[in-house]
Amino acid sequence: MSDIFSREQFIELAKISEKAQRYNEMISYMLTAAKFNQKFSEEERNLFSLAFKKSTQPRRNACTQISSIQEKQDQEVEPFQNCIQSFKQKIGRELLQQCDDILEAVDNCLNKKNITTESKVYFLKIKGDCYRILAEQDFGNTHTADDAFEAYALGFDIALQNLCPLNSNRLSLTNNFCVLYYEILHDPTNACLIGQKQITLALNHIEAKDCERCRDFTTSKALCLLVDNVKYWTYLQSENYAHEEF
Ligand SMILES: [Zn+2]
């Protein structure tokens, strides 16, 4: 931790980086801010999420792009293929380093005293996301999918017991837990089951009108995303079924 700047100044630097669209700097300022004892506010958690997403996305995309190119390169000679492979591995190592740094900060935040249930769910979601990103790429580490599952499952449990069905952290974690089921564990049935159950609970909660406070913009955004995903996955499943029938 630097003695030069205060925690607030690191947050300010992260905001400036966001405006300048310099996301690698943004995440690094947020990681430094996370090292201070004071916990992230809701606004700061949103900054952290944005920095996490925007800083990892380019390398995730790069690895996916190169993998799809590699699939079409099977007629190429070996030295050329090896060159493409080591290029992908180089980007993979950068992604691994990024996720390691974020995981370290997340564990540090989870261990802070008097952490709120909502923060706990938030950081367990980020932890699951980090491992899911690593599981998405073929880095030869077979544990990452299990680690992602473990983090999401723990967060999901805590969210179900303590948070309102419309809570944005609960819904975001549910959504990404379902994405893990669908994309990484190749289990569309459970992705749809878990997602649909949470959608029903959220909709019933809206109808019950007993909790006005939790119905904010982020909530509806997280709910819409989950609804869209479950609709799409259900549609794809019925498509597969139809193909089998005919
Ligand atoms: Zn509520």
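This is a predicted model: local features need pLDDT of at least 70, side-chain atom pairs count only at pLDDT 80 or more; totals for chains, interfaces and linings use all residues.
1. As background, nonpolar side chains tend to be buried together in soluble globular proteins.

2. Leaving aside residues up to four places away in sequence, Met30 touches Ala14, Leu47, Phe48 and Ala51.

3. Secondary structure. The chain contains nine helices and zero strands. Read from the N terminus, the order of elements is α-α-α-α-α-α-α-α-α.

4. Overall dimensions. The C-alpha trace spans about 60 × 60 × 30 Å along its principal axes.

5. Burial and contacts across the chain. Of the 246 residues, 33% are buried. Where contacts join residues at least 6 apart in sequence, 69% of them link residues at least 24 apart.

6. Packing of H4 against H5. Helix H4 covers residues 78–110, and its axis lies 10 Å from that of H5, at an angle of about 160°. The two helices are therefore roughly antiparallel, since angles over 145 degrees are counted in that class. H4 passes H5 in a left-handed crossing. On the H4 side, the contact is made by Leu96, Cys99, Ile102, Leu103, Val106, Cys109 and Leu110. On the H5 side, the contributing residues are Lys120, Phe123, Ile126, Lys127, Cys130, Ile133 and Leu134.

7. Packing of H3 against H5. H5 also packs with H3, at an angle of about 0° and with the axes 12 Å apart. That angle makes H3 roughly parallel to H5. In this contact, Arg45, Phe52, Thr56 and Arg60 of H3 meet Tyr122, Ile126, Ile133 and Glu136 of H5. Ile126 and Ile133 of H5 take part here and also in the contact with H4.

8. Packing of H7 against H8. The axes of H7 and H8 are 7 Å apart, and the helices pack at an angle of about 165°. H7 and H8 are therefore roughly antiparallel to each other. The crossing in which H7 passes H8 is left-handed. From H7, the contact involves Leu171, Thr174, Phe177, Cys178, Tyr181 and Tyr182. From H8, Pro188, Asn190, Ala191, Ile194, Gly195, Gln198 and Ala202 take part.

9. Backbone at Gln21. Most residues other than glycine have a negative phi. Gln21, by contrast, is a residue other than glycine with a positive phi, near 55°. Gln21 sits in the loop between helix H1 (7–19) and helix H2 (23–34). Gln21 is exposed, because 9 other C-beta atoms lie within 10 Å and the exposed class takes in residues with 12 or fewer.

10. Backbone at His186. His186 is not a glycine either, yet its phi is positive, at about 50°. His186 belongs to the loop between helix H7 (168–184) and helix H8 (188–208), the two helices whose packing angle is about 165°. His186 counts as exposed because it has 8 C-beta neighbours inside 10 Å.

11. Glu43 on helix H3. Glu43 is found in H3, which runs over residues 42–71. Glu43 counts as exposed, with 10 C-beta neighbours inside 10 Å. Between Glu43 and Asp228 there are 26 Å in space, C-alpha to C-alpha, and the two are 185 residues apart in sequence.

12. Phe80 on helix H4. Phe80 is found in helix H4. Phe80 and Leu226 are 146 residues apart in sequence, and their C-alpha atoms are 42 Å apart in space.

Notes. Residues are numbered from 1 along each chain as its sequence is written. Helices (H or I, at least four residues) and strands (E, at least two) are DSSP runs, numbered from the N terminus. A residue is buried if 20 or more other C-beta atoms lie within 10 Å of its own, exposed if 12 or fewer, and partly exposed in between; C-beta atoms are placed from the backbone. Two residues are in contact if their C-beta atoms, placed from the backbone, lie within 7 Å. Axes are lines fitted to C-alpha atoms, for helices over the stretch in contact, and angles run from 0 to 180 degrees between N-to-C directions. Angles under 35 degrees count as roughly parallel, over 145 as roughly antiparallel, 65 to 115 as roughly perpendicular and the rest as oblique. A crossing is left-handed if the near helix is turned anticlockwise from the far one by less than a right angle, and right-handed if clockwise.
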